[in-house]
Amino acid sequence: MSVCAEAVFKEVFDRWQKPLQVFLQGRGMMIHKAADSVQDCFVKLWNNCGDVERDKAKSYLFTIASRLHIDEYRKAEVRLKYRKGLSPMVVNEDGQYKLEEQEFKNKLEQTINSMTDKNRTVFMLNRFEKKTYKEIAELLDISVKAVEKRMSNALKKLYQENIIQKK
Amino acid sequence: MSIPEDILAKWAAGKLSKEEQIALSKKYDLDALQLWLDRQDALEIEVVTDDIMWDSLGSKITETLSESSSSSNDVSSKKPEWIKWVLFLLPLVFLIVYFMFRSQIAMTIIKTEKAETKSHLFADGSTIDIAPQTEVRFNDNQWDKERQIVLEGQATFKVAKGNAFIVQTRSGEVEVLGTQFDVWSINKDWMRVQCYEGKVSVSDPQSAKIILEANEEISISNGRLGYIQKMKTTEIDWKSNYRSFKTTPIKLVLLDLERFFDIRFVATGLEAEVFTGVITLTNVEEAARYLSTTMGYEFKQEKNTIYFISSK
C-alpha cells in the first residue's frame, strides 16, 4: 500500500512527525527550523508517494531528515516544557517548588545541550519519545550496541555534570 | 573489574541482573540518577504541535505543486539569491509603512446628513448615537489605548467602563469613565451636555472644570460654563422624536430643527426672542404650528422654506 491515500498519509504523519522533530532537535536544530524541516520531509514524501510503501515511509522520512540536517548544521538548543497535569505535585505548587523546577529544567537543558549530537539524539528519543533502543537503532540505521553506547555516554555526562557535584 | 561501555544504558532500560546492578552501584549513585530521570519524566520536549504542522503542511504541498508546474522539479529551488531577499524584505517594508501610518490611515469619520441618524458600536462595547447633520471622527484601531472622539453636532454616548473617554468639540471638552450622556454643540459659541448615568466632567476652553452627575445638564456659552441644572426628563429627546428647549434663542431653536427636517426656517427680526417648550420631530408642519402658537407667530411655507412672522 502506498501512502498516496490521504488517510494513510495522515496516519504516517501523526505517527512520525513528533519523533522526527525530536530527532532533528537532537541533532541540534532549533525548534522552528526542525518543524520546518520535518514538513519538508513530508512534502517530499507526498510528492513521491507513489514510490513509497507505507511500511517504508518511516525509513524514507528519517533518511531525508538526516540529509536535511547535514545541509543545515546548527548549534543545539533544546527547549523543555512541563508536561501539563501529569505530576501530582504541580497541583499544589508553591513558589519554592516552582523555583526548584525551573532550576532543574535549566540544568537539564544545559546538560542536554552540552552532549554531542549523536548522544543527544539517542538520549532524547529514548527519554522524551520513549523509544526503545531497538526502535532507535532502526530509526538511525545503526546497531543496538551503538545505541546503548551512546545512551551510556549521555547518562555518564548527565551523572558527571549534575550528581557527582552534589555529593 | 572493568565496566562495559554500554552498562548505564542497560541499567536505564532495566536490563541488568542484581549482581551487575550491585557492581555498578559501587561506581555510580544509582538512586540519585534514577531520581533525576524520574523528575525528567515530568518534562517534555517542546515541539510544534500536530495540528499546526498538519495545517501548514497542506499549504506547503500546494505551494510546491504550483512551483513544480511552473518550472521543472528541482530547478525551482535554485532561484537567484536576490529574489529570496526581496520576497523576504517586501512584507517587512509593508509592515513598517503600515505601522508608521496606521494612526493616520485608520481615522474613522461618520457623517450624518439632514434628517439622518446613525449609530456606531465601538470595540469595547461603547455606543454612539449620532443626531442629524453631525460629524464625528475617531481612531478605531487605537480605540483600546485611547478613547477620543472629535464631535461637531450632537450625539448621545453610552460608555463602557475603561480608560478615560473624551469628547472634544470646538467649544469645550467632556471626559467620562463609563456612563451615558449627550453632547450638543452647534457652533463654537454654545454647547450643552446632558448626563443620564454616572458622572461626566465638562471643561470650557479656559479649562474651568465641573463634574456633572446623573440627570444634570450644563451648557457652555461664549466659552464659559453655565450653571448645573436638573434635567426635566431622563429620556433622550431626539431619540424619542421630540425636542425640548429651555429659554433658548429662536435662532438656535430653528437652527436645531433644520437638522431634523431638511428644511430652511426664516424668522427675520425674531432671532433674539427665547423659547421654552417641547416640539415634535415627527411632522414639520405640526412643529411649525406649535412654535407659532406658543410664540404668537404666523408661518407660511414656500417650497423648501418656512417663514415666521410676528403676528403682534
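**View 1. Helices H1 and H2 of chain A meet in a right-handed crossing.** In this predicted model, local features need pLDDT of at least 70 and side-chain atom pairs count only at pLDDT 80 or more, whereas totals for chains, interfaces and linings use all residues. Residues are numbered from 1 along each chain as its sequence is written, and chains are lettered from A and ligands numbered from 1 in the order in which they are written. Helices (H or I, at least four residues) and strands (E, at least two) are DSSP runs, numbered from the N terminus. H1(A) and H2(A), the latter spanning residues 31–47, pack at an angle of about 145° with their axes 9 Å apart; axes are lines fitted to C-alpha atoms, for helices over the stretch in contact, and angles run from 0 to 180 degrees between N-to-C directions. A crossing is right-handed if the near helix is turned clockwise from the far one by less than a right angle, and left-handed if anticlockwise. From H1(A), the residues A:Phe9, A:Phe13, A:Gln17, A:Leu20, A:Gln21, A:Leu24 and A:Gln25 meet A:Ile31, A:Ala34, A:Ala35, A:Ser37, A:Val38, A:Cys41, A:Phe42 and A:Trp46 of H2(A). Two residues are in contact if their C-beta atoms, placed from the backbone, lie within 7 Å. By class, this H1(A)–H2(A) contact holds 11 nonpolar, four polar and no charged residues; Ala, Val, Leu, Ile, Met, Phe, Trp, Tyr, Cys and Pro count as nonpolar, Asp, Glu, Lys and Arg as charged, and the others, Gly among them, as polar.

**View 2. Helix H1 (residues 6–26) of chain A packs with helix H3 (residues 57–71) of chain A.** The angle between these helices is about 30°, and their axes are 11 Å apart. H1(A) is therefore roughly parallel to H3(A); angles under 35 degrees count as roughly parallel, over 145 as roughly antiparallel, 65 to 115 as roughly perpendicular and the rest as oblique. The crossing of H1(A) past H3(A) is right-handed. H1(A) contributes A:Val12, A:Trp16, A:Leu20, A:Phe23 and A:Leu24 to the contact, and H3(A) contributes A:Ala57, A:Lys58, A:Leu61, A:Phe62, A:Ala65 and A:His69. Nine of the residues in the contact of H1(A) with H3(A) are nonpolar, one is polar and one is charged.

**View 3. Helices H2 and H3 of chain A pack at an angle of about 130°.** The axes of H2(A) and H3(A) are 9 Å apart. Because of this angle, H2(A) is oblique to H3(A). Their crossing is right-handed. A:Ser37, A:Val38, A:Asp40, A:Cys41, A:Lys44 and A:Leu45 of H2(A) face A:Ala57, A:Tyr60, A:Leu61, A:Ile64, A:Ala65 and A:Leu68 of H3(A) in the contact. The contact of H2(A) with H3(A) comprises nine nonpolar residues, one polar and two charged.

**View 4. A:Ala5 lies in the segment before H1 of chain A.** A:Ala5 counts as exposed because it has 12 C-beta neighbours inside 10 Å; a residue is buried if 20 or more other C-beta atoms lie within 10 Å of its own, exposed if 12 or fewer, and partly exposed in between, with C-beta atoms placed from the backbone. The C-alpha atom of A:Ala5 is separated by 9.7 Å from that of A:Trp46, which is 41 residues away along the chain. In chain A as a whole there are seven helices and one strand, in the order α-α-α-β-α-α-α-α from the N terminus on. Of its 167 residues, 38% count as buried.

**View 5. Chain B meets chain A through 30 residues of chain B and 42 residues of chain A.** On the chain B side, at least two residues each come from helix H1 (7–12), helix H3 (30–41), strand E1 (43–45) and helix H4 (50–70). H4(B) gives the most to this side, with eight residues. The side of chain B that touches chain A has 18 nonpolar, three polar and nine charged residues.

**View 6. Helix H6 of chain B spans residues 250–261.** H6(B) has 12 residues and reaches 16 Å from its first C-alpha to its last, close to the 16 Å expected at 1.5 Å a residue; the expected span is 1.5 Å times one less than the number of residues. Buried within H6(B) are B:Ile250, B:Val253, B:Leu254, B:Asp256, B:Leu257, B:Arg259 and B:Phe260. These buried residues pack against strands E9 (180–187), E16 (242–249), E17 (264–266) and E18 (274–280) and helix H7 (284–295) of chain B. B:Asp262, which follows H6(B), has a positive phi near 55°. The secondary structure of chain B comprises seven helices and 20 strands, and 25% of its 312 residues are buried.
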